Amino acid sequence: MKRLLASLVMVCAPAVVWAGQVAIEAVRVWPAPDNTRVVFDVSAPVDYKVERLFNPDRLVVDFSNASIAKAIEQPVATDAIMKSIRHARRNGSDLRIVLDLKQKSEYKAFLLKPNEEYGHRLVFDLFGPEQQAQQAQLDHLVQQAQSGQVAPTPSKTAAAPAAERPAVKTVAPEAKPRDIVIAIDAGHGGEDPGARGYSGVYEKDIVLAIARRLKTMVEREPGMKPVMTRDGDYYLSLRKRTVKARDSRADLFVSIHADAFRDRNVRGSSLYVLSQNGATNEAARWLAEKENASDLIGGVSLDDKDNLLASVLLDLSQTATLQASFEAGDAVLRNMQPVTPLHKRQVQQAGFVVLKSPDIPSILVETAFISNPQDEKRLRSGDYQEQMASAIFSGIKDYFAKHPPAGTQIAAVSRHHTISPGDTLSQLAAQYRVSVERLRAANRLKNDRIRVGQVLTIPGDSEG
């Protein structure tokens, strides 16, 4: 009987807020495929203690001098980690909240200061054991990147186990031609809504809609495969987005956003690749963690290289990746031009974290200014979302038609190139990695003369 009464008190505790108490105004739960974020909206910074209990698994959070303002919304049934949330008053003025868990979970808790969208918050990120190990590694890498310093190389015993390292590209030969993998990244999500438009629409919802349309187009294209970094309304750290792309062995990373500015008259689309400074800082981070970044550079391990040689290898890799990013970005921007006014007509450079994969060409598309009433109206339109996704997709296809990765289905079939002013046969042979003789034979050319507008057949990569 006592246990029953205690349970009733936990669920039905009155929402009384005393003078001077911190009010917990809401509890929001954001489930993701491999983690869950629980956010407590509080009226002021709050003192709290956390205890983890087992059999059954749960987190007990005790708040000092706090009350809850309204009933707590329960987690959805599909949440992989959270089961339920309970609360009860303690010692007259304190509050206990219990997070009932479906599995043994690690957690990270931190307080956030108010921003334009939210007030004070206490955030719990809950992870399964495997995700916690990966998150700890990501946190350490972020600290290294923020410091901008190359730390001493970790010892063998300090390195993360191989099973916990992010999967990386290898150069092992494929048994059959593979698909080109496009990592599609819808910016923001969950607790991070991004910018808000004039009508109240959030950037996170607009860009997810465009990303899903792009995913459908890539799925329908023979020889291509899409991978979404997030496919729902949940938070995903910037570093984890790039890790997901590398885990999927992506050939191109496309991050989709909607710009905002204090001047509502500013409008249009733009496209970014990584800045040189951003690449330099990222090289320092990878050098600091080179033992945990095995096989990063095209199958070349860095863990047995001295810092000078590793730095040279990284520089070569990043230079090639940045050049590929520019070319892919230019192709996408050209296809966006008929669809939307361009805020910047050339590919721009910035130090966005999601663009920092040393071995994956990466672009960030600002689809329009959500802060501009005209642009926001278009962004909310299904027709515009479809047109923008189609423009990005056409640019992706244009880029890979000229630069198909070796071993892919697209590289294994013939392609075509329309001659532009300045093109030469030898330059095209180098660009498509075929011999001049094969180009002549495929197009029945008696010499190296070509004319503007002429369409050449580019033979497949059967010679390797």
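Modeller: Two strands pair if DSSP finds at least two bridges between them. The model under discussion is a predicted one.

Colleague: In which sense do strand β13 and β15 pair?

Modeller: Three bridges link β13 (residues 270-274) to β15, and the criterion for pairing is at least two. Within this pairing, S270 has E366 of β15 as its bridge partner. The sense of the β13 and β15 pairing is antiparallel.

Colleague: Which residue in β15 does I256 stand opposite?

Modeller: Strand β12 (residues 252-259) is joined to β15 by six bridges, and the two pair in the parallel sense. In β15, the residue opposite I256 is V365.

Colleague: How many residues of strand β15 are buried?

Modeller: Burial requires a relative accessible area under 20%. Strand β15 covers residues 362-369 and is largely enclosed by the rest of the structure, because its buried residues number eight of the eight.

Colleague: In β7, which residue is the bridge partner of L59?

Modeller: Strands β4 (residues 58-63) and β7 (residues 94-101) run antiparallel and are joined by six bridges. The partner of L59 in β7 is L99.

Colleague: Which strands stand at the edges of the open sheet of five strands?

Modeller: That sheet has mixed pairing and the order β5-β1-β2-β9-β8. An edge strand here has a single partner strand, so one side of it is left without a neighbour in the sheet. From one strand to the next, the twist averages 25 degrees. The strands at the edges are β5 (66-68) and β8 (106-112).

Colleague: How many bridges join strand β1 to strand β2?

Modeller: Strand β1 (residues 22-31) and strand β2 (residues 35-42) run antiparallel. One of their bridges places V29 with V38 as its partner in β2. The number of bridges joining β1 to β2 is seven.

Colleague: How many nonpolar residues has the contact of α3 with α8?

Modeller: On the α3 side the contact residues are I206, A209, I210, R213, L214, M217 and V218, and those they meet in α8 include M388, I392, F393 and I396. The crossing itself is right-handed. By class, the contact has two charged residues and three polar ones, while the nonpolar residues number 11.

Colleague: Which residues of α4 are buried?

Modeller: Helix α4 (residues 238-247) is largely enclosed by the rest of the structure, because seven of its 10 residues are buried. Just after α4, R249 takes a positive phi of about 55 degrees. The buried residues of the helix are R239, K240, R241, T242, V243, A245 and R246.

Colleague: Is S420 buried or partly exposed?

Modeller: S420 lies in the loop between β16 (415-418) and α10 (425-432), and its C-alpha atom is separated by 9.8 Å from that of V455, 35 residues apart along the chain. Buried means under 20% relative accessible area and exposed over 50%. With a relative accessible area of 37%, S420 is therefore partly exposed.

Terms used:
Residues are numbered from 1 along each chain as its sequence is written. This is a predicted model: local features need pLDDT of at least 70, side-chain atom pairs count only at pLDDT 80 or more; totals for chains, interfaces and linings use all residues. Side-chain values use heavy atoms; hydrogens and water are left out. Helices (H or I, at least four residues) and strands (E, at least two) are DSSP runs, numbered from the N terminus. Buried means under 20% relative accessible area, exposed over 50%, partly exposed in between (1.4 Å probe, protein chains only). A crossing is left-handed if the near helix is turned anticlockwise from the far one by less than a right angle, and right-handed if clockwise. Contact means heavy atoms within 4.5 Å. Ala, Val, Leu, Ile, Met, Phe, Trp, Tyr, Cys and Pro count as nonpolar, Asp, Glu, Lys and Arg as charged, and the others, Gly among them, as polar. Axes are lines fitted to C-alpha atoms, for helices over the stretch in contact, and angles run from 0 to 180 degrees between N-to-C directions.
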